[in-house]
Amino acid sequence: MATSIAGEGHPSLNGIISEHETKKLTDLPTELLEHILCFSVLQHVDICNVSCCCKRLQDVCHGRGKVWGHQYKLRWPRLQRFYRQNECCDWLKEYKTRHRVGIQIRRTVESISKRFFTEVPCVGQVLGDSFAEIESLGMPEHFCEDELLFILNSDKRKSLTLKYYAKKILYFLRQQNILRSLKTFLEQPVERQSALEGAVLVDQYCNPLADVTLDGISAQLDEITEKVKKMLRIKNASHPSLRIAQGDCFVVEDFELQRQVVCALNSVLYEQLQYKGNEFDYYNPLNSYIHQVLLRHTGIPISLSVLYMTLAQKLGVQLEPVNFPNHFLLRWCQKPRGSEDIYDFVYIDAFGKGKQLTAKECEYLIGHQVTADYYSAISTMEVLLRMVGNLLNIGKRGEGNEKSYQLLRDSLDLYLTINPDNVQYLLLQARLYFHLGIWPEKVLDILQHIQALDPSQHGAVGYLVQHTLEHIQHKKHPVAPEVKRRSASEHLEVQYSVGLIMKHKRSGYNCVIYGWDPKCTMSQEWITTMRVQQLSNGANQPFYNVLVQDGTCRYAAQENLEPHSAPLEIGHPEVGRYFSEFADTHYVANEELQTRYPEDMDETLGTVQELYHRLAPGSGDRDQDPVTDPNNHQAMSM
């Protein structure tokens, strides 16, 4: 800490022996000390220790100073967007608050697996209590989200269960924020409601973990607008649309000038950028998400119409949405403003490459006549209801897996936020939650609301109330989970164990085992449908619950499975519910799964050792010594 300037015994310039002079670190200027203490090798613990050395260093490391500001930004870089540049802030206080939030969030997430392992892993169900715990912290919400993202971005193969529930909490947190934004949006005057902003909110709610923002979408549309202007400049260098700056509200009144804009827009959108209607995969939900439409250059009539209408508006041409049956359209008025005669409009089919239709030609699209009401312009709220209604129908058409149920839940949430008194969809939501066995208390609230809106629904409501109350009563007395020990006499024929990565001999799919039964436990109807009796051992053999690479869960007979020759990670969304880590050759069961199958983990490690480590490449027929072989990670961990 001290350096000698003139050593003892050395003569000075005037020949006189000078006194011993020293210079301390604390004598350095504050700016230089701050620079030293901002070195990236120093962590918050080091700064705490330094600040305890003396009053001088304590002053340099004060809460509002550069040192703690640097530590905060170094530790949590994603939070910088919440602070203004050069903002004077108590960084030490912010650091402590963020640190405490991180600890509490992690504890909450860790506790979820124990509480919800036996129940349907629904986002809302998982968050019923946990979200309340997070809210009770009274901490800034962006701190909570940052910690969840920190968990999700940690080592890819480890802490899988922690990440599984952190993802669900983050999903739920963001959806709650988006619902609040949607309600605020709907409270605005009708003339201020933008179809694009509404479409982005729908997109965000259904994809809360994706990076979708209104600013980002608008920036992409501005790029397309500039391409259209470039095309327009070639046709008419003095066109008034070329003078419109971003954000300006300007309307081109002349019909010929409007036509030039529409022609240039069609040329850029459909010829240059190759946008098109997705005829071959029409019912893919991605067609309804505006960020996916921009990414994939394809969509359905309503999503392409929102895109087309927004671009036209940016160039000074006003188009109106038309809720035409089975095929969403836009209308373009050819007469002075105020006309409602359906023959005074040209109808634009954004799905059909911007084709312009007369009122009569519109009927050819759907094959039958319609009344004049169907040609009327609709509000932004009605556009959103149609958009969400499409997603809802896709969810109902789904295969009954977690993905389709999630889409159905999300679209119901959105629809009932926009139109909260729709009895048909309230009843559907109550039935869906009842079917999935989730949120029984919320089911009762929904049923009570339905009864108040429409007393004629008494029969359906009464049935659901009775069975929901039974479900709540049953939850108060949960049955202890069955523990399956391999050593039990009835389980001796079970060859494989949880965590092993397998290959299906007939179907060829890759999967990981997360449960087993000594005999097939499915219904006789399932056994007949799946032709189990055609197997050599029929239903009288062990069956395994497996998570498949394609995202499905299956129940496979032992004779149809074999250990994978080259184990690989299984990209299934439910892996984290059952396993804590991928260990190169197998998955490590989490505490909850090990409680169900207490003897399986040893069996899995033995199988892995036998299959993948005993005859390692280049080892010939010699068994490798698990202690002396430094490359045998699994053997060493055993």
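# Reading a predicted model, feature by feature

Biologist: In which helix is Ile366 found?

Modeller: Ile366 belongs to helix α14, which covers residues 359–366; helices (DSSP runs of H or I with at least four residues) and strands (runs of E with at least two) are numbered from the N terminus. This is a predicted model, in which local features need pLDDT of at least 70 and side-chain atom pairs count only at pLDDT 80 or more, while totals for chains, interfaces and linings use all residues. Residues are numbered from 1 along each chain as its sequence is written, and side-chain values use heavy atoms, with hydrogens and water left out.

Biologist: Is Ile366 buried or exposed, and which residue is 7.5 Å from Ile366, C-alpha to C-alpha?

Modeller: Buried means under 20% relative accessible area and exposed means over 50%, with partly exposed in between (1.4 Å probe, protein chains only). Ile366, at 17% relative accessibility, therefore counts as buried. The residue you ask about is His327, which is 39 residues from Ile366 in sequence and 7.5 Å from it in space, C-alpha to C-alpha. A second pair of this kind is Gly551 and Ile570, 19 residues apart in sequence and 8.8 Å apart by the C-alpha atoms; Gly551 sits in the loop between β11 and β12 (553–557) and is partly exposed, at 30%.

Biologist: How many salt bridges does a search of the whole structure find?

Modeller: A salt bridge is a side-chain nitrogen of Lys or Arg within 4 Å of a carboxyl oxygen of Asp or Glu, and the search finds 19 of them. One of them joins Lys55 and Asp59, whose closest N and O atoms are 3.0 Å apart. Both residues lie in helix α3 (residues 55–60), 4 residues apart, about one turn of the helix. Lys55 is exposed, with a relative accessible area of 55%, whereas Asp59 is partly exposed, at 38%.

Biologist: Which salt bridges tie together parts that are 92 residues apart or 114 residues apart in the chain?

Modeller: Asp222 forms a salt bridge with Lys314, the closest N and O atoms being 2.9 Å apart. Asp222 lies in helix α10 and Lys314 in helix α13, so this pair ties together parts that are 92 residues apart in sequence. Asp222 counts as buried at 16% relative accessibility, while Lys314, at 27%, counts as partly exposed. In the other case, Arg485 pairs with Glu599 at 3.9 Å between the closest N and O atoms. That pair links distant parts of the chain, 114 residues apart, with Arg485 in the loop between α19 (458–476) and β9 (501–504), and Glu599 in the loop between α22 (591–596) and α23 (600–613). Arg485 is partly exposed at 42%, and Glu599 is partly exposed at 23%. There is also a network of salt bridges that links Arg78, Arg98, Arg106, Asp146 and Glu147.

Biologist: What should I know about phi, and where is Asn326 found?

Modeller: Most residues other than glycine have a negative phi. Asn326, however, has a phi near 65°, a positive value in a residue other than glycine; Asn326 is in the loop between β5 and β6 and is exposed, at 61% relative accessibility. Arg531 also has a positive phi, near 55°, and its place is in the loop between α20 (524–529) and β11 (543–548), where Arg531 is exposed at 56%.

Biologist: What is the volume of the second largest pocket, and which element gives the most to its lining?

Modeller: Rolling a probe the size of a water molecule over the atoms shows where empty space is left. On a 1 Å grid over the protein atoms alone, a pocket is an open set of points where a 1.4 Å probe fits, with protein on both sides within 12 Å along at least five of seven lines, and lining residues have an atom within 4 Å of a point. The second largest pocket has a volume of about 1200 Å³, a volume being the space filled by probe spheres set on the points. Of the 49 residues that line this pocket, the closest to its centre are Met309, Gln313, Val317, Gln318 and Leu319. Helix α10 gives the most to the lining, with 6 residues.
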